[in-house]
Structure formats: structure tokens, C-alpha cells
Amino acid sequence: QVQLVESGGGLVQAGGSLRLSCTASEDIISIHVMGWHRQAPGKERELVAQITSGGSATYADSVKGRFTISGHVAKSSLYLQMDNLKPEDTAVYYCNVYSFYRGNSYWGQGTQVTVSS
């Protein structure tokens with residue numbers, strides 16, 4: 001089973017920046033969509049940003065203009081540049097990769113992002 005590993009989380013002051021990375025333990029065949037999701041205590045998991053294999057990116061309204069998603073399909077890697085962080089961005093961030101091959105969807109175990117006011 002392919003494993004995704006997130007890194008780059010941590011504690012940062014409001015207005016600061018972090019860059020999250022997601023790497024796969026093995027090459028993933030036929031990637032269709034890659035994305036970042038987050039879940040804060042007491043809240044449901046939500047989609048933060050996603051990018052298709054064609055390079056089209058979408059963002060949640062709450063992060064537009066502040067976050068930038070990018071990926072390298074050939075290396076099964078994904079990144080999230082987070083700028084001007086706010087306390088409400090505090091959550092566990094999860095990496096997700098969906099592949100057309102057998103309809104597989106892979107998830108990382110999450111990385112904690114904490115933003116202090």
C-alpha cells in the first residue's frame with residue numbers, strides 16, 4: 001500500500017508563513033487530482049485546495065489569495081505554500097492523491113499547523 005507523508009507543519013505567529021510538503025513512498029500511477037484537506041477540533045474535515053493533473057487549481061474561499069497549491073505529478077509530490085496565516089487556519093492538514101488506476105485514493109496521516117494570535 002502506498003503511504004503519503006506530510007511535513008512542514010508547526011507553530012507560527014499570525015501573519016507568518018509555512019510550506020507543507022507531501023511525498024509518496026512509491027510512485028503513484030495515473031494521478032488525477034491531488035489536494036490538501038484540514039480538520040480543526042470540533043469541526044468537519046474540509047477541502048482547502050486541490051490541483052488536477054492538468055494544472056487547474058481551486059481553493060476554499062477562506063484561503064484564496066493566501067495559500068498556493070503546487071505539485072509534481074512525475075514524483076507524486078504535493079506542496080502547499082501558506083502565507084499570512086490566521087489563527088483560524090489552525091488544524092491538522094492532510095494530503096490526498098486520487099488516481100484513475102483502480103480508483104485508488106491515498107491519504108497521509110496529517111501534520112499539525114498551529115497559528116498563534
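**Sheet, disulfide and aromatic contacts in the predicted model**

Strand 3 (residues 18–24) pairs with strand 8 in the antiparallel sense over six bridges, where strands (E, at least two residues) are DSSP runs numbered from the N terminus and two strands count as paired if DSSP finds at least two bridges between them. The structure is a predicted model, in which local features need pLDDT of at least 70 and side-chain atom pairs count only at pLDDT 80 or more, whereas totals for chains, interfaces and linings use all residues. Residues are numbered from 1 along each chain as its sequence is written, and side-chain values use heavy atoms, with hydrogens and water left out.

Leaving aside neighbours within four places in sequence, Ser76 is in contact (heavy atoms within 4.5 Å) with residues including Cys22, Thr23 and Ala24.

A search of the whole structure finds one disulfide, defined as a pair of cysteine sulfur atoms within 2.5 Å. The bond joins Cys22 and Cys95, whose sulfur atoms are 2.0 Å apart, and the link is left-handed, with -75° about the S-S bond. Because Cys22 lies in strand 3 and Cys95 in strand 9 (residues 91–99), the pair ties together parts that are 73 residues apart in sequence. Both partners are buried, Cys22 at 1% relative accessibility and Cys95 with a relative accessible area of 0%.

One aromatic pair is counted under the rule that ring centres of Phe, Tyr and Trp (its six-membered ring) lie within 6.5 Å, with planes under 30 degrees apart taken as stacked, over 60 as edge-to-face and the rest as tilted. Tyr98 and Phe100 form this edge-to-face pair, at 6.2 Å centre to centre and 75° between the planes; Tyr98 is partly exposed at 29% relative accessibility, whereas Phe100 is exposed at 53%.

Methods
Buried means under 20% relative accessible area, exposed over 50%, partly exposed in between (1.4 Å probe, protein chains only). Helices (H or I, at least four residues) and strands (E, at least two) are DSSP runs, numbered from the N terminus.
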